[in-house]
Protein chains: 4
Amino acid sequence: MEEIGFLGMGIMGKAMSMNLLRHGFKLTVWNRTLSRCDELVEHGASVGESPAAIIKKCKYTIGMLSDPAAALSVVFDKDGVLEQIGPGKGYIDMSTVDAQTSSKISEAITSKGGYFLEAPVSGSKKPAEDGQLVILAAGEKALYEEVLPAFDVLGKKSFFLGPVGNGAKMKLVVNMVMGSMMNAFSEGLVLADKSGLNSQTLLDVLDLGAIANPMFKLKGPSMIQSSYSPAFPLKHQQKDMRLALALGDENAVPMPVAAAANEAFKKARSMGLGDLDFSAVHETVKGSKSSG
Amino acid sequence: MEEIGFLGMGIMGKAMSMNLLRHGFKLTVWNRTLSRCDELVEHGASVGESPAAIIKKCKYTIGMLSDPAAALSVVFDKDGVLEQIGPGKGYIDMSTVDAQTSSKISEAITSKGGYFLEAPVSGSKKPAEDGQLVILAAGEKALYEEVLPAFDVLGKKSFFLGPVGNGAKMKLVVNMVMGSMMNAFSEGLVLADKSGLNSQTLLDVLDLGAIANPMFKLKGPSMIQSSYSPAFPLKHQQKDMRLALALGDENAVPMPVAAAANEAFKKARSMGLGDLDFSAVHETVKGSKSSG
Amino acid sequence: MEEIGFLGMGIMGKAMSMNLLRHGFKLTVWNRTLSRCDELVEHGASVGESPAAIIKKCKYTIGMLSDPAAALSVVFDKDGVLEQIGPGKGYIDMSTVDAQTSSKISEAITSKGGYFLEAPVSGSKKPAEDGQLVILAAGEKALYEEVLPAFDVLGKKSFFLGPVGNGAKMKLVVNMVMGSMMNAFSEGLVLADKSGLNSQTLLDVLDLGAIANPMFKLKGPSMIQSSYSPAFPLKHQQKDMRLALALGDENAVPMPVAAAANEAFKKARSMGLGDLDFSAVHETVKGSKSSG
Amino acid sequence: MEEIGFLGMGIMGKAMSMNLLRHGFKLTVWNRTLSRCDELVEHGASVGESPAAIIKKCKYTIGMLSDPAAALSVVFDKDGVLEQIGPGKGYIDMSTVDAQTSSKISEAITSKGGYFLEAPVSGSKKPAEDGQLVILAAGEKALYEEVLPAFDVLGKKSFFLGPVGNGAKMKLVVNMVMGSMMNAFSEGLVLADKSGLNSQTLLDVLDLGAIANPMFKLKGPSMIQSSYSPAFPLKHQQKDMRLALALGDENAVPMPVAAAANEAFKKARSMGLGDLDFSAVHETVKGSKSSG
């Protein structure tokens, strides 16, 4: 594959870029705060001075931004993607954004003759480092096929889901289920503890049963220690819950459990935990006293 | 091991008894509706005419009843366990009941000199047939050790959790998390479908991610078909949610997600779905019209 | 009317007794902690040494206890109501208890030949002092008619609702609606404040609209001050939510809003606020930081 | 006052216009479907052919549209308000919209030199007919003072709440509390009925207590009859819940009860009840069978 551009060196973008470099891809990277690119440069990446400069230089550019506002900004702002995109160039937005944001970006890029693919991922820091993401692509099928070599490095599996918007939607559905599960898990951990059961034994029991899953196994031990080093920041999880609920609202789908989970994440934000890992929602279930 | 008595030939009791017979245990079984014992007899089991008769005949007796009322009834009613229990005899209640019910049975049996173990299980029909249950035992440690050979056949793993009540509590915690997860999953399936995504692709994506778990894999395909053949009846799942919430109430543990899930299961009961599989809660999320 | 016995000098019992004394009734009162009867004695009440002694002395005895356990205890314990109740004597339980507790007391008393009336009230400390309670009576109709003069002093209105249990149930329904409303109100107050609106103006606006009600008017100003002097303790409100939800569970009535409110009250208990006024649930909505 | 323009002849707009006409105001009205203006014309109103035409003709124009999209459309579309607004002209938007929509309209109008006031109302059809609305105005204070004579006819009280956005926010807070209360009330009605209590007696009891309010009194009797003639359509109430929850999200305010209520309204929409009165959420609580 040709040289790839990469916009956004947050937790995810950095891990994905490092992984691409390790597999021999040539990368030109950009981040709003340029210093976050240093480590990548040490490993062989070039740096571009703006999203526009990256697009100009590379046939394919991947964006991995933290939220819809940032995803829009790198495209539409001055020195943004739009200024250089055009026929023969492809932009792949791997950020988790709502379908509306994705459509807006898609329309702008295709109206300039560029190719667009939305390709949000399932998986956080560790899977990003290990190339074990699940990639949910939608949009221009030809572009999907051209960038498959990169997707094969970044993920263990990629899906092509149809028209633009479907990648964003699939991602939201998955993250919504995950957010509710994290709340259910937190409630279980506190209930066990307050009822005189051993928390580690609960983890062992869960791991043997019908609901055993990698997330419980990975997060459980640190949650028991009240340790919430951010792999997937709580405020981003809550954003995804919000967007999933909005999608449900559009389609008249009642989602009472997701709504309760969303409010717990909001409670966590109100407690100042928004920048910790989303497993910090655990703190909302704990009481400040043992009371009655 | 000596001959084992077995009380309760519901879905679970029958599967567990068949499994014990297959592994060479000698069983004497009893059920309120005796005809449900026929298949067991064909495979070599004896039948007892009452719980008391079983206890009299067997050194160890297992009970697997559908709810706290039934669990109490086989012990305390006329011709019940209490009439024949005494020194040298052990009763192992593997039903899912609340801690209070378990304590009541424990006290009655130990006051007669008998040994008691509560040993609720995690896992439904299929794991019961395959000896893949997880057994959560609590109570008399000596009895636990004596019946380990049977537990090794019934389950892939057994835990000894301490004083009576802890088995019941652990079971409730696990089932509560499971019930909330089933709701989260149902909401996800309907949201995907109403948003124009393919339901089977959602299952594939989930199965590759951090929240992949046997329950989603097992139940997903039939839920997409709106097929809810009862492995674990919804009304029993809802009972467990209720008991777990009551345990949380005692200990001042707020569990907003479990509470929302519980109300969805109650909604399902109000729709007449109580005897179907607990995955039928899926129906509460679907609308009757596409509306706006 | 003859002399009336009165068991239970908590916040409510004391206010009701004072009111009866003020209106010329002769009272003999009892409380587990006898010193709480002192003020009543100063205003002319006699003191009885036990529930049994009160029943022996008085034709009619009112009980106003804090919860089902206490209500059962004054009847069934040593020196309790049951020891002296019999033909020609009436016991009126005005505590808020579940229908089951009420039935148990009713059966015990009627089996001894006594008359029983359950008569829980709607209204807290202030209405109790002012004789403005609403009385929800059920059970023995003849007894209801005999004690009407006392009910006319204690309440602005009394209803006879039919068989025993219906008073308790009606009370629970009303308190459940009230508990959910208090949560809705708390959420509104915090949302207004955090959104830059004046809290007092919100109270003014609410008071002019379709949902204006005495509770918002009474509690609003002190809630704005974060002042929660207990008129109706939060732990008792949460008990009523729990019992109402249990009643809904029996009848397969989904009550997602009441369930969410109940969890908020449990959260408040976990924060150590159980003994404050139930309006202290307001604190669960406030965040510890302004965060994002 | 000068002649007033009025845009939007929905349930509310029509009732308000009729009221203004009755009090001697001269009105020029407009509606997308012009036939809805006929009744007004019979009572003396003139008709304008577009929002722009109305603005051109009148010094003050009131808008009362059904949702943010419609509110934006009359301003920004071809032949809209913006084409004729300018110095010396005032536009008063009385629709219930989110703060963002309101700000967008405000900015557009003030940038053309026009005056803007947002003035959403509390109260539905009946109060609109009777001039008993509560008006929540924010924006240009001078304009507020000039249109007070009209506000005095339309409402029993008007508030000036400060900068644009505050009227919208106050309205959302009030409607959110109202929506949660309607759910609490519905749950209470069904719980009473399924528990063997008389629904009318519940209404009587509620009306005597601390939570007595005009909405319960007005809606209760028709809800018991399962009659939901739309005064305030359910889909609009749900929209307000959604916007209030979004406002809470911005400010990190957890609102679990409002969230549960919102999901119930969404459930009602999924059942095809969106065009009925918002009290039709009652139907979501009722079961299809009595089941267990």
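I start with the record: an unreviewed UniProt entry annotates residues 3-162 of chain A as "domain: 6-phosphogluconate dehydrogenase NADP-binding". Such annotations may be inferred rather than shown by experiment; positions follow the numbering used here, and feature names are shortened. This is a predicted model, where local features need pLDDT of at least 70 and side-chain atom pairs count only at pLDDT 80 or more, while totals for chains, interfaces and linings use all residues. Residues are numbered from 1 along each chain as its sequence is written, chains are lettered from A and ligands numbered from 1 in the order in which they are written, and side-chain values use heavy atoms, leaving out hydrogens and water.

Residues 3-162 of chain A are 41% helix and 23% strand, with end C-alpha atoms 26 Å apart. Helices (H or I, at least four residues) and strands (E, at least two) are DSSP runs, numbered from the N terminus. The unreviewed entry also annotates residues 165-282 of chain A, as "domain: 3-hydroxyisobutyrate dehydrogenase-like NAD-binding". That span is 70% helix and 0% strand, and its end C-alpha atoms lie 32 Å apart.

Last, the core. The largest nonpolar core has 208 residues, and Phe216(A), Phe216(B), Phe216(C) and Phe216(D) touch the most other members. A nonpolar core is a set of buried Ala, Val, Leu, Ile, Met, Phe, Trp, Tyr and Cys residues joined through side-chain atoms within 4.5 Å; buried means under 20% relative accessible area, exposed over 50%, partly exposed in between (1.4 Å probe, protein chains only). Leaving aside residues up to four places away in sequence, Phe216(D) touches residues including Val177(C), Met181(C) and Met181(D), contact meaning heavy atoms within 4.5 Å.
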